[in-house]
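Here's a quick briefing on a predicted model. Have a look at the structure first, then read on.

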Amino acid sequence: MPAIAKVEPLVTARALRGPFDYALTEEMGDVGVGTVLRVPFGRRRLLGVVVEMAEESDVPADRLASPIEALEAGVPPELVRLGLWVAREWCSTPSRGLGLVLPPGMGAGGQRVRAQSEFRAELTTLGLEAAAGDGSVPGGGRKLGIRQRATLRALAEGPRTATELRSDAGVEAATLRKLAERGLLGLEKVERRRMPGEETAGAASPRVELNPAQRAALGEVVDAMDEGGQLLLHGVTGSGKTEIYLAAAEEALRRGRGVIVLVPEIALTPQTVGRFRGRLGDTVAVLHSALSVGARYDEWRRLRSGEARVCVGPRSAVFAPVADLGLLVIDEEHDSSYKQESDPRYDARAVARHRAREAGAVLVAGTATPRPESWGELHHLELPERVDGQGMPPVELVDTRGPQTGPIHSRTTEALGEVAREGGKAIVMINRRGWTPYIACRSCGEALECPNCDVSLVLHQYNRPLLGQPATGGPRPELRCHHCAHVEAMPDECPKCGSVSLARVGTGTEHVAEELTELLAPTPVFRLDADAAIGSGSHAKILGEFEAADSAVLVGTQMVAKGHDFPEVTLAVVLDADATLHFPDFRAEERTFALITQLAGRSGRSRKGGRVLVQTRSPEAPSVSAAVSHDAAGFLAGELERREALRYPPFSHLIEVGLSSPDVAALDAAAEGLREAIALHLAPGVEMLGPAPQFRVRGRERRRLLIKAPLGARTATVDAVREAVEQAAGERRLAGVALAVDVDPQ
Ligand code: ADP
Ligand code: ZN
Ligand code: ZN
């Protein structure tokens, strides 16, 4: 065995960069790439991951330390490589990259969870005889007590674990020990598995016969499994994509290969997870953050040992220890939750494509609204129709230019009233939470802003999740900042001039829900947004109540366009398509098209048909008109052309360097210094913009540098930025200035 382990220490500091050499001793046992070691480091002890093995070291033997111990769980070597790759691609540190692939509960702080064990009891021959008898023990001794006899009877059918015996028959550990001492049963130590919760329990979904379009798509997926192809499965909600994933997963398992299925937030998609568990059984492991760390650790180890071969989970599941990967599915691949918004700011879709390529697995990205990036790069598979034969519902535009009397147009009101009268269901989306996003004084024009951030405060009237239920505490008007934790009471008068005339400009989910509650009474109106869904399970609770109601309206942010399937919805409304459309971002058109199309997918799933209303002041915008005609291909072609002309992704890579500090002078000096440092390292043809001021957040001023790299120059550019950033991080000038690098920001 090579005697030197090269170890990357798990630390948060950017400056400390391994790997460092350690000499392995005989008693360390099996150490290889991926082993997690506790090592001495200066006067500290650190955890570190072995990233390479070597025969010799450049460090003199008398200065080489040896590891203290190897931890119970290690990481497969291919995941070590993946973690380091992510660190490099997204301009992070090796330690943070490796943090992504470690077993749950392990990190810079150490290992907080371990496997749990317990006893499994099995009757001996003597025990079997005693279980059948009247309480006397063959061969003599004291008569058995009632509890002891009950225990033996419970075990007569076969071995049981202590946990099972306790929950099914109330058996105490002491009783087991006593019976074992008398030779009536044997106790064996086994691992105790902490189970993922019931919210994703498998629903027995009937096996279906695939239709011709599904069979054709499945055929291509299976063919590509050998070559590691990358496919885009384009089909509206209900076109049968999930059935293809399931069939492809079964095929992968038949070939002895593993499967990873990525889904957006689990809270919104428990049905998908349930379908996999229902169809494939215990070989499915679920990894997500709502599980206890113990359960996640056990699920991780089931995958690591090969006991489970399929992992379903959100973006972090792309790092699941699945061996011999044959299939990697990204469901709803347009979903923004695939991008991590903290360091390492990786995009699970790009990681998935890399991992699938390295593993020789087929990648299937499924969506009703492909991103231009994927549309341009992946081979398309089309599912042109819904399985149930229902067409897509007609999308009608409601032009809101001209005089208007509130957020809901009279045509929309009429349509909603009709649904309520007929006892149906509707979904209304307004992508803004709270009551009013902007409050200004009518006399002096003063806007109410957050003291810590340069943004207006949002009025929140309600503290309760569900309308149509008793309010807890009643309305309590409050002004909240959506960028920091600032909250203040809604003032009665203008803080500047004392006028009592405060204008409420614009509208959010609370206001719409309230208005519709009055308008549509007694039809219940439910609200779903980040405020309404605080605490785990309440998303599901709100959606469950909407589903269970005979007739109801669901109002919410874009959350209402995701996940859950509601067959009875016959009307879907987008109240303010312009909010998304006029957002200053080159992805605004793409997002608008996706939101309208996703919402359209929520309507008209039953025989009753359905319709979609889109309120907008920009009916001629390409995203809006393409959504009306359900023309994804046309929209994407136009969007790709526009992006190419402007050299936006996917025709370039963007790298954003954000700086922030409470001290403006220090910030400006740092930003200018960093710009110069980066410019020194950049290759010709790479553009850099800024430093541009951004609005202040949490009392910190912000600046941004934006780097636009041509295709093919991504890695070199990221390396250049990293070099400049790391150099700068050690400089005095940067004290108090925080730096964040985002590669391919969303
Ligand atoms: P998607 O993932 O595209 O939304 P699903 O695979 O969930 O579509 O299919 C929608 C519904 O139609 C599900 O209830 C599914 O069980 C059913 N389904 C899918 N394919 C078929 C088929 N070939 N025959 C009958 N029912 C099907
Ligand atoms: Zn005023
Ligand atoms: Zn704030």
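Cys 494 is buried, at a relative accessible area of 3%, whereas Cys 444 comes out as partly exposed at 34%. (Buried is under 20% relative accessible area, exposed is over 50%, and partly exposed is in between, using a 1.4 Å probe and protein chains only.)

**Zinc site**
- Cys 444 (SG) and Cys 494 (SG) coordinate the zinc ion (ligand 2) together with Cys 441 (SG) and Cys 497 (SG), at 2.3 to 2.4 Å; donors are N, O and S atoms within 2.8 Å of the metal (3.2 Å for Na, K and Ca).
- Along the chain, the donors of this zinc ion are spaced C-x2-C-x49-C-x2-C.
- Cys 444 sits in the loop between strands E20 (438–441) and E21 (458–460), and Cys 494 in the loop between E23 (487–489) and E24 (502–505), so the pair ties together parts 50 residues apart in sequence.

**Helix packing**
- Helices H4 (residues 146–155) and H6 (residues 173–181) pack at about 80°, their axes 10 Å apart.
- That makes H4 roughly perpendicular to H6, a label for angles of 65 to 115 degrees.
- Arg 147, Gln 148, Thr 151 and Leu 152 of H4 meet Thr 175, Leu 176, Lys 178 and Leu 179 of H6, where contact is heavy atoms within 4.5 Å.

**Ground rules**
- Residues are numbered from 1 along each chain as its sequence is written, with chains lettered from A and ligands numbered from 1 in written order.
- Local features need pLDDT of at least 70 and side-chain atom pairs count only at pLDDT 80 or more, while totals for chains, interfaces and linings use all residues; side-chain values use heavy atoms, leaving out hydrogens and water.

Definitions and conventions. Axes are lines fitted to C-alpha atoms, for helices over the stretch in contact, and angles run from 0 to 180 degrees between N-to-C directions. Helices (H or I, at least four residues) and strands (E, at least two) are DSSP runs, numbered from the N terminus. Angles under 35 degrees count as roughly parallel, over 145 as roughly antiparallel, 65 to 115 as roughly perpendicular and the rest as oblique.
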